[in-house]
Amino acid sequence: MDGFSESCWRAERRRRRRTNVWRAVALTLFPEMFPGPLGESLAGKALKDGTWALEAIDIRRLAKDRHGTVDDAPFGGGAGMVMKPDVLSDAIAAVAPRSEMGEVPKLLMSPRGAPFSQARARELAKGPGELLVCGRFEGVDERVIEAHALEEVSVGDFVLSGGE
């Protein structure tokens, strides 16, 4: 192949990939943390090439007050704060139609979730993408988890400051 047809072939391949690209949408209080390490090495190269896409959405933008309040006391009482159920629920509902991914797995990063495994990663890779909810504070109101059928996933037996 000469140089021109090779470059045309590559452009066409990239265009086709973008129409059927695997998408990750992250709901987070800290969108500036993305892509972070995902923008480096092989994952970063694939992101730049359009093999997959990442969108980080700031949950705080859907807060209902001028202060952008996203935390509240747990509904049933208890220590600590949880993410406000109305704000998080609205964020999850708002992202689904915008993502144009159809029905995708909705993962909640949580220490009480099932351990994330290579087998689960392979399953997710076969689909159109995922919605990733990055928890904060003491967690997420159980009503939101049930209403949106969130799958709780843990990345390990250690404590992090958030789900990012």
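Reader: Why does Thr69 count as partly exposed?

Author: The model is a predicted one. In it, Thr69 has a relative accessibility of 24%. Buried would require under 20% and exposed over 50%, with partly exposed in between. Because 24% falls between these limits, Thr69 counts as partly exposed.

Reader: Where is Thr69 found, and what does Thr69 touch?

Author: Thr69 is in the loop that runs between β2 and β3 (71–72). Leaving aside residues up to four places away in sequence, Thr69 touches Ala63, Lys84 and Val87. A contact here means heavy atoms within 4.5 Å.

Reader: What makes Gly39 buried?

Author: Gly39 has a relative accessible area of 12%. The limit for buried is under 20%, so at 12% Gly39 is buried. Gly39 sits in the loop between β1 (22–28) and α2 (41–49). Not counting residues up to four places away in sequence, Gly39 touches Gly44, Leu47 and Lys48. Gly39 and Leu54 are also 15 residues apart in sequence, and their C-alpha atoms are 9.7 Å apart.

Reader: How many of the residues are buried in the protein as a whole?

Author: Of the 164 residues, 37% are buried. The protein exposes about 10,200 Å², and 55% of that area is supplied by carbon and sulfur atoms.

Reader: Which elements make up the secondary structure, and in what order do they run?

Author: There are 5 helices and 7 strands. Starting at the N terminus, the order is α-β-α-β-β-β-α-β-α-β-α-β. Among contacts between residues at least 6 apart in sequence, 77% join residues at least 24 apart.

Reader: Which strands form the open sheet, and what is the pairing?

Author: The sheet has 5 strands in the order β2-β1-β6-β5-β7, and the pairing is parallel. Strands of a sheet pair through backbone hydrogen bonds, in either a parallel or an antiparallel way.

Reader: What makes β2 and β7 the edge strands of this sheet?

Author: β2 (52–58) and β7 (151–154) each pair on one side only. On average, neighbouring strands of this sheet are turned by 35 degrees against each other, direction ignored.

Reader: How do you know that β5 and β7 pair?

Author: The two strands are joined by 5 bridges. Pairing asks for at least two bridges between the strands, so β5 and β7, with 5, count as paired. β5 covers residues 106–115 and runs parallel to β7. In this pairing Leu107 stands opposite Glu151 of β7.

Reader: Why is the contact of Arg112 with Glu142 called a salt bridge?

Author: The closest N and O atoms of the two residues are 2.4 Å apart. A salt bridge needs a side-chain nitrogen of Lys or Arg within 4 Å of a carboxyl oxygen of Asp or Glu. At 2.4 Å the pair of Arg112 and Glu142 therefore meets the rule. Arg112 is in strand β5 and Glu142 in helix α5 (residues 142–147), so the pair ties together parts 30 residues apart in sequence. By this rule the count comes to 6 salt bridges.

Reader: Which residues are linked with Arg112 in a network of salt bridges?

Author: The network links Arg112, Glu142 and Glu152. The salt bridge between Glu152 and Arg112 has an N to O distance of 2.8 Å. This pair links distant parts of the chain, with Glu152 in strand β7 and Arg112 in strand β5, 40 residues apart.

Reader: Where do Arg120 and Glu123 lie, and what is their distance from N to O?

Author: Both lie in helix α4 (residues 118–126), 3 residues apart, about one turn of the helix. Arg120 is buried at 18%, whereas Glu123 is partly exposed at 48%.

Reader: Which residues make the nonpolar surface patch?

Author: Phe116, Val155 and Phe158 make a patch of about 290 Å². Phe158 is in the segment after β7. A patch residue needs over 30% relative accessible area, and Phe158, partly exposed at 48%, is therefore over that limit.

Technical notes. Residues are numbered from 1 along each chain as its sequence is written. This is a predicted model: local features need pLDDT of at least 70, side-chain atom pairs count only at pLDDT 80 or more; totals for chains, interfaces and linings use all residues. Side-chain values use heavy atoms; hydrogens and water are left out. Helices (H or I, at least four residues) and strands (E, at least two) are DSSP runs, numbered from the N terminus. Axes are lines fitted to C-alpha atoms, for helices over the stretch in contact, and angles run from 0 to 180 degrees between N-to-C directions. Patches are made of residues with over 30% relative accessible area and no salt bridge: like charges are joined within 9 Å, nonpolar side chains (Val, Leu, Ile, Met, Phe, Trp, Tyr) within 5 Å. Accessible areas come from the Shrake-Rupley method with a 1.4 Å probe; for residues, only the protein chains shown count as cover. Buried means under 20% relative accessible area, exposed over 50%, partly exposed in between (1.4 Å probe, protein chains only).
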